[in-house]
Amino acid sequence: MKKISILLLALMGVIVSCDNKDELNAVQEEQKSMNKDYLGTMTVTFQTVDYDTDSVRISLTPNAAGDSVSIAFYQVKFVPQMPVKVDITVPGIAVSKTGQGAELFCDESIPLSAGGPTERYKVTSFQGQIIGDSISFSLNFGSYPTSYHGKLSVK
């Protein structure tokens with residue numbers, strides 16, 4: 001009888017671990033679907049003038065729970081007067097699935113650049129969407145309204 005009980009317990013453990021593996025695989029697949037690179041145009045309004053920068057690459061990286069992403073901007077100059085290009089990451093952008101894709105939103109986030117927080121350019125009013133292979137969003141970097149429109153990029 002003991003052997004049967006042990007066998008049943010072991011079998012139940014296998015079944016539970018299979019269910020957990022299925023859940024884990026589903027979460028990992030969901031994360032892969034959000035981990036994407038885009039290429040597009042960034043527009044920054046500076047002193048009432050809009051500055052467009054083409055071919056800006058961004059990358060979305062989901063958090064472990066899959067309910068938010070970090071968005072990394074690579075080698076950007078926000079305005080032509082800026083002396084250098086920088087990489088900047090905006091963490092904590094919430095993701096909500098929709099029938100057509102996903103909504104992106106965040107009231108406030110402190111971007112990271114050069115290895116640390118950049119509070120001077122705190123991100124506010126982030127809102128956007130992903131539909132198919134397109135992404136678009138708007139936000140404020142400090143007092144500078146910024147928007148981005150891009151298409152999925154093949155790595």
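**From one serine to the core**

Author: Serine 109 is buried, with a relative accessible area of 6%. Buried means under 20% relative accessible area, exposed over 50%, and partly exposed in between, using a 1.4 Å probe and protein chains only. This is a predicted model, in which local features need pLDDT of at least 70 and side-chain atom pairs count only at pLDDT 80 or more, while totals for chains, interfaces and linings use all residues. Residues are numbered from 1 along each chain as its sequence is written, and side-chain values use heavy atoms, with hydrogens and water left out.

Serine 109 belongs to strand S5, residues 101-109; strands are DSSP runs of E with at least two residues, numbered from the N terminus. A polar atom of its side chain lies 2.6 Å from the backbone oxygen of proline 91. That falls under polar contacts: N or O atoms within 3.5 Å, where within protein one must be able to donate a hydrogen and the other to accept it, and residues adjacent in sequence count only if both atoms are side-chain atoms. Beyond four places in sequence, serine 109 is in contact (heavy atoms within 4.5 Å) with Val90, Pro91, Lys122 and Val123.

Threonine 118 sits in the loop between strand S7 (116-117) and strand S8 (123-131). Threonine 118 is also classed as buried, because its relative accessible area is 19%. Its contacts, not counting residues up to four places away, are Ile110, Pro111, Leu112 and Ser113.

A nonpolar core is a set of buried Ala, Val, Leu, Ile, Met, Phe, Trp, Tyr and Cys residues joined through side-chain atoms within 4.5 Å. This core has 29 residues, and Ile58, Ile71, Phe73, Phe126, Ile135 and Phe137 touch the most other members.

Phenylalanine 73 has contacts beyond four places in sequence that include Met42, Ile58, Val90, Phe137 and Phe141. The structure holds eight aromatic pairs: rings of Phe, Tyr and Trp (its six-membered ring) with centres within 6.5 Å, stacked if the planes are under 30 degrees apart, edge-to-face over 60 and tilted for the rest. Phenylalanine 73 and phenylalanine 137 are an edge-to-face pair, at 6.1 Å centre to centre and 85° between the planes. Phenylalanine 73 is in strand S3 and phenylalanine 137 in strand S9, so this pair ties together parts 64 residues apart in sequence. Both residues are buried. Phenylalanine 73 and phenylalanine 141 form another edge-to-face pair, at 5.7 Å and 70°. The latter pair links strand S3 to strand S9 across 68 residues. Phe73, Phe78, Phe126, Phe137, Phe141 and Tyr148 form one aromatic cluster.

The protein has a mean pLDDT of 83, and 77% of its residues reach 70 or more. Over residues 1-19 pLDDT stays under 50, and the model has zero contacts there beyond four places in sequence. Residues 23-32 are also below 50, with seven contacts beyond near neighbours in sequence. Where pLDDT is low, predicted coordinates should not be read in detail.

Conventions:
Helix = DSSP H or I, 4+ residues; strand = E, 2+ residues; numbered from the N terminus. pLDDT = per-residue confidence, 0-100.
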